[in-house]
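Hi,

Here is the structure I promised to pass on. Have a look first, and then read my notes on its salt bridges below.

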Amino acid sequence: MAGWELLAEHACFGGVQRFHRHVSAAIGLPMRFGLYLPPQALAGEAVPLLVYLAGLTCTEETFAVKAGAQRLAAQLGLALLTPDTSPRGAGVPGEADAWDFGVGAGFYLDATQAPWSAHWCMESYLVEELLPQVWAGAPVIRAATGLFGHSMGGHGALTLALRQPGVFASLSAFAPICAPMLCPWGVKAFNGYLGDDRSTWAAHDASALMAAQATAPYPQGILIDQGLADKFLAEQLHPQAFEAACAGVGQPLALRRHAGYDHGYYFITSLVDDHLQHHAGQLSARR
């Protein structure tokens, strides 16, 4: 597509893994993303699109390199979109270790507080800019777009899916930050990006958003996997809050707890096939 600079291209399980850079109007800076096209797409078939949001300190390359998802994506005919996690090179003081998270701390929202509000507009970038460009410029099916993510990206997946009804047809997450208003990561990020008026925070908290639903937004079910050896589980993630919110509105949820698994990509690699199957099953009706 015009405006997409091709940074790298790799043949992968009969498809192609590409990495692009483009100038973002929403962010006001260049942004990078990865796009895996399965062999069916290269043959001219429009395929479902699965968007993955990565976690703290990650980039557009992390999932593509570490998760091993392309093998099954090629078999199932799924395209994989991996955006970067946050703006880069804005020159904001403290950007390199924003909120003690590391450089990838975009939190998948639009900041309202200076200096972050000038460039930290990740929700607008993803929903209003990157996705429309991919829908228009790649052989993918707009109505068959799913969303998943890990940690901060799991927070992003849950919140964006609930904040943007009708955009995403399937949803899952690995070890998501489920109740950021209740955890140190979320409180620090929300204070910085949204300000100290806590009445604005619930609009970006997955558990609060789910509890406010009138009916189940994903009646075919949401999948969440959580490792029980995850060092962030007790203090930062609070999956039980999202579980309770889903129960309150009748939202089907498979919250699977796994002994021995931690927060990293060995956990994701072990379970990523289940997530691809989850999305493929729900997206197939949208083909």
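Let's start with R21, which is partly exposed, with a relative accessible area of 25%. Keep in mind as you read that this is a predicted model. R21 forms a salt bridge with E5, and their closest N and O atoms are 2.9 Å apart. The two sit in distant parts of the chain: R21 belongs to strand β2 (residues 15-23) and E5 to strand β1 (residues 5-12), 16 residues apart. E5 is partly exposed too, at 39% relative accessibility.

In total, the structure holds seven salt bridges.

One pairs E243 with R257, with 3.0 Å between the closest N and O atoms. This pair ties helix α9 (residues 239-249), where E243 lies, to strand β9 (residues 253-258), where R257 lies; the residues are 14 apart in the chain. E243 has a relative accessibility of 32%, so it counts as partly exposed, and R257 is also partly exposed, at 40%.

The other involves R256 and D274, whose closest N and O atoms are 2.8 Å apart. Here strand β9, with R256, is linked to helix α10 (residues 265-283), with D274, across 18 residues. R256 comes out as partly exposed at 27% relative accessible area, and D274 as partly exposed at 35%.

Cheers

Note on methods:
Residues numbered from 1 in each chain as written. Predicted model: local features only at pLDDT ≥ 70, side-chain atom pairs only at ≥ 80, totals over all residues. Heavy atoms only, no water. Salt bridge = Lys/Arg side-chain N within 4 Å of Asp/Glu carboxyl O. Helix = DSSP H or I, 4+ residues; strand = E, 2+ residues; numbered from the N terminus. Buried < 20%, exposed > 50% of the residue type's maximum accessible area, 1.4 Å probe, protein only.
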